[in-house]
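Dear colleague,

Please find the structure below, handed over for your records. My notes on it follow directly after.

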Amino acid sequence: MGDDKKSADEVEVRDAGRMNKLTKEASSGILDIIDLAAKVTEPGPRPTPCSGYSEDAGVVRMRHPWSVYGVPVPDMEKAMDRLRRELGKKGWKIVKDGRDSSKAKSPQIVADRKNGMFSVDIRLHDEREHSGSTSLIEVTVVSDCFRRPKD
C-alpha cells in the first residue's frame, strides 16, 4: 500500500478501535463469500508496525490472518471460484489471480478494497499429498497504514 512512502506526519490519524472493527468487518465479508461449513481460526486483528517508520512514530496497520479448514479440498476450490466471482461485487478489485511463489505453487488471489483502505491475500493450501497436514484456505486482511492519535 502506498502509505509507506509518506512522512509519519502525513499519515492519516485513525482510531485503532475503529480500525479493528473495520478490519473484522472486511474479514467477515470475505468469510461470507467463502461460504463453507468449515472450522475457522479465532485470532482477531492486531496492529503491526508499518515498514519504513520508526517505532515511536505510531504508524501501524491492522493485520488479520485467519484460516478455514475441515472441509474437502474440492469444496475449498469452489470457494476460491466464488471469491473470483463475488469479490468485485463486494467492493474489491482482484489484482492477482494465479499461483504464489511457494514450492507448492498454491492458488492465490490478492485483492484491494476499492476505497484503498484494505488488501486481502487468499491462498488455498492443498495438503492431501502430505500425510498429517491439514488443507486450508489462508486469508490475511491488512489495512493501509495509519497513525494512532497522540494521548
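The paragraphs below set out what was found, topic by topic. Please bear in mind throughout that this is a predicted model.

Disulfide

A search of the whole structure returns one disulfide. The partners are C50 and C145, whose sulfur atoms lie 2.1 Å apart. The angle about the S-S bond is -115°, and the link of C50 and C145 is left-handed. Both ends fall under the 20% cut-off for burial: C50 has a relative accessible area of 2% and is therefore buried, and C145, at 1%, is buried as well.

Surroundings of S27

S27 is part of helix 1, which spans residues 16-34. Its relative accessibility is 3%, so S27 counts as buried. The side chain of S27 makes a polar contact with the side chain of H64, at 2.7 Å. Leaving aside residues up to four places away in sequence, S27 touches H64, W66 and V141.

Largest pocket

The largest pocket has a volume of about 250 Å³. It is lined by 13 residues, of which A104, S106, H125, D126 and E127 are the closest to its centre. By class, the lining of the largest pocket comprises seven charged, three polar and three nonpolar residues.

Positive phi angles

D35, a residue other than glycine, has a positive phi near 50°. D35 is located in the loop between helix 1 and strand 1 (39-40), and D35 is classed as exposed because its relative accessible area is 54%, where exposed means over 50%. K105 is likewise not a glycine, yet has a positive phi of about 55°. K105 is found in the loop between strand 4 (92-99) and strand 5 (107-113). With a relative accessible area of 43%, K105 is partly exposed.

With kind regards

Methods. Residues are numbered from 1 along each chain as its sequence is written. This is a predicted model: local features need pLDDT of at least 70, side-chain atom pairs count only at pLDDT 80 or more; totals for chains, interfaces and linings use all residues. Side-chain values use heavy atoms; hydrogens and water are left out. Helices (H or I, at least four residues) and strands (E, at least two) are DSSP runs, numbered from the N terminus. Buried means under 20% relative accessible area, exposed over 50%, partly exposed in between (1.4 Å probe, protein chains only). A polar contact is a pair of N or O atoms within 3.5 Å; within protein, one must be able to donate a hydrogen and the other to accept it, and residues adjacent in sequence count only if both atoms are side-chain atoms. Contact means heavy atoms within 4.5 Å. A disulfide is a pair of cysteine sulfur atoms within 2.5 Å. On a 1 Å grid over the protein atoms alone, a cavity is a set of points where a 1.4 Å probe fits but cannot get out, and a pocket is an open set with protein on both sides within 12 Å along at least five of seven lines; lining residues have an atom within 4 Å of a point. Grid points are joined across faces, edges and corners, and a volume is the space filled by probe spheres set on the points. Ala, Val, Leu, Ile, Met, Phe, Trp, Tyr, Cys and Pro count as nonpolar, Asp, Glu, Lys and Arg as charged, and the others, Gly among them, as polar.
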